[in-house]
Amino acid sequence: MSEYGRPGLRALAKPERDEVVEPGEAALEVTVRNDAGEPVRFNRHQASHPALVLQVRDERDRPVLLAPPSAPGAEDLVVEELGPGQSVLLRYAGFLDRSLDTGTYRVRYFSPYPHLGGTEEAPLSTDWVPISVHSTQAFRPGVELPQWPPPFPRPPTWSVPLRLSGKLVDVLARRLGFLACQGVLEQEIDEQRTETISNAPPGSEAWNGTYGWRARFLVRVEEASCRVSVTIRIRLVGTITSGQRSAWESAIRDAWSGLFKVCANRQPCCVNGFPIHVAVQFVTSGEHQVVNVGTSTTNMGNWGATDTVDVSHEAGHMLGALDEYFTVNGVDYGLGRQADGAIMNNPANPPAARHYDLILQAVRGLTGGAGCTQPVSAMCG
Amino acid sequence: MVAEATLWNDDAVEVRMNLAPLAGPSLALQILDAHGSPLLLPPPPVPGGEPSWATLSPGQSEGFRFTGFVPSWTAPGRYRVRLRYLYRPPSPQPGDWTGELVSEWAEFAVRT
């Protein structure tokens, strides 16, 4: 039984095929019908974007993120009328990434937006429907593609989609992409971090102790732009103005981006390395971190609404960096906020190369290469 | 989730308290899980900022609020939390409160 969204609108979802499919072949049909006695406005074009209206959960009820929608265009502004009794059939295909693990997922149409059928109080929602997928890998790593001898010397190991633990955008496109330096690799990072602070001077004894957190972010390596993009998705709790939020975004981006790069060995597309860019993205679900908005920044999960200094230090923790004041894990750094301290000692100062170590580790894992972190102004190699 | 704590001055003299050790849940709160193991909180704020103080007259109290003190990755289960205030400067000024204070434990549960 489906649920009503806006008065009179009803939606029903069903998988196009009942058997187990490969993730990329999963398809869903959603019928939206106007059961009211008067026309209802509905934006069919926007509703056709799976990322805007579909919710997917795995067997552990964790949200499965979908690829972002295409850029909005003029067609997305067209709102049509559904007459009484009229329905529209929406078909969604290819919304599950090919890298999804084998298993049974559940999906539904869900929207609290009026032009997509719902309201905040009464979202338009179908029942959850199961979709079972069986993930297969089209090409085993290391296997030569049939009838594909490259016309020039064999590419270096870096560009071959081998030993990758992250998500491949498309194996064949990547082989083509290597030829045209269009390869893209990305991976979600989730690493446990702990630090023990000791030797805090008298008066700061409260800082002594062991702390733990999870460093989480999305890392993306792009050959076309020779860039490593790091995104931290943050869900905010509390009240903040758009200006304050933008100030946080700018502070963190400016503190962490464009200073260092990854020099990846034997990488012909980007011989001068991959500059690292870090950004925060504020989301309402699928977050890496939750941040509570308060009057001052007191730790990684509590930021001051008007603070644009210490938040960059806290972003460093989100990227896996440890504190560098007093003694941390046996290393004596001295007092906090030293004039020449790097960002994990003095939040007002820039980071050092070591603060990107988890990002570097992730890039190495994606590319299968050694690599190192260098200032952007330095030559690789 | 929010934790609220109140400090009372039940002495007959005025006391001055350094509020730095209460600057955030990571410094001020101690949390144990059902097995008595500590729940590790994210690192505290960088020390060395401008100190802030509160002066409590006899009988006066000061409240503190810690929002979102439970990390988002905390496993479901039962926990207990208490306030811990620790301040032992080398050369306290007359009237400065020094020492260690802990509150009673308060229980809470985390659900998925």
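A:Phe326 is buried, with 21 other C-beta atoms within 10 Å. The count settles the class, because a residue is buried if 20 or more other C-beta atoms lie within 10 Å of its own. In this predicted model, A:Phe326 belongs to strand β18 of chain A, which covers residues 326–328. The backbone of A:Phe326 takes a positive phi of about 55°, although the residue is not a glycine.

A:Arg337 also has a positive phi, of about 60°, and is not a glycine. The setting of A:Arg337 is a loop of chain A, between β19 (331–334) and α6 (357–367). A:Arg337 has 15 C-beta neighbours inside 10 Å, so it counts as partly exposed.

Helix α5 of chain A spans residues 310–318. Nine of its nine residues are buried, so the helix is largely enclosed by the rest of the structure. The buried residues of α5(A) include A:Asp310, A:Ser312, A:His313, A:Glu314 and A:His317. A:Val311, A:Ala315, A:Gly316 and A:Met318 are buried in α5(A) as well. Several elements of chain A take part in covering them. Among the strands are β12 (209–222), β13 (227–237) and β15 (274–282). Strands β16 (289–294) and β17 (302–304) also contribute to the cover. So does helix α4 (242–256).

The largest nonpolar core has 71 residues. Those with the most contacts inside this core are A:Val219, A:Val228, A:Ile359 and A:Val363. Strand β12(A) supplies the largest share of the core, seven residues.

Chain A as a whole holds six helices and 20 strands. It has 381 residues, of which 36% count as buried. Among its contacts between residues at least 6 apart in sequence, 67% join residues at least 24 apart.

One sheet of chain A is open and has three strands, in the order β1-β2-β6, with antiparallel pairing. Its edge strands are β1 (9–15) and β6 (87–93), each of which pairs on one side only. Neighbouring strands of this sheet are turned by 20° against each other on average, direction ignored. Strand β2 of chain A, residues 27–34, pairs with β6(A) in the antiparallel sense over seven bridges. A:Leu28 stands opposite A:Tyr92 in β6(A).

Chain B comprises one helix and eight strands. From the N terminus on, its elements run β-β-α-β-β-β-β-β-β. Of its 112 residues, 29% count as buried. Among contacts in chain B between residues at least 6 apart in sequence, 74% join residues at least 24 apart.

B:Phe108 and B:Met1 are 107 residues apart in sequence. In space they are 9.5 Å apart, C-alpha to C-alpha. B:Phe108 is in contact with B:Met1, B:Tyr79 and B:Val81, once its neighbours within four places in sequence are left aside. With 13 C-beta neighbours inside 10 Å, B:Phe108 counts as partly exposed.

The two chains meet in a contact that takes 33 residues from chain A and 25 residues from chain B. On the side of chain B that touches chain A, α1 (25–28) and β6 (77–87) of chain B each supply at least two residues. The largest share of this side comes from α1(B), with three residues. By residue class, this side of chain B divides into 18 nonpolar, six polar and one charged.

Terms used
Residues numbered from 1 in each chain as written. Chains lettered and ligands numbered in written order. Predicted model: local features only at pLDDT ≥ 70, side-chain atom pairs only at ≥ 80, totals over all residues. Pairing = 2+ DSSP bridges. Helix = DSSP H or I, 4+ residues; strand = E, 2+ residues; numbered from the N terminus. Axes fitted to C-alpha atoms, helices over the stretch in contact; angles between N-to-C directions. Contact = placed C-beta atoms within 7 Å. Nonpolar A, V, L, I, M, F, W, Y, C, P; charged D, E, K, R; others polar. Buried ≥ 20, exposed ≤ 12 C-beta atoms within 10 Å, placed from the backbone. Core = buried A, V, L, I, M, F, W, Y, C linked by C-beta atoms within 7 Å.
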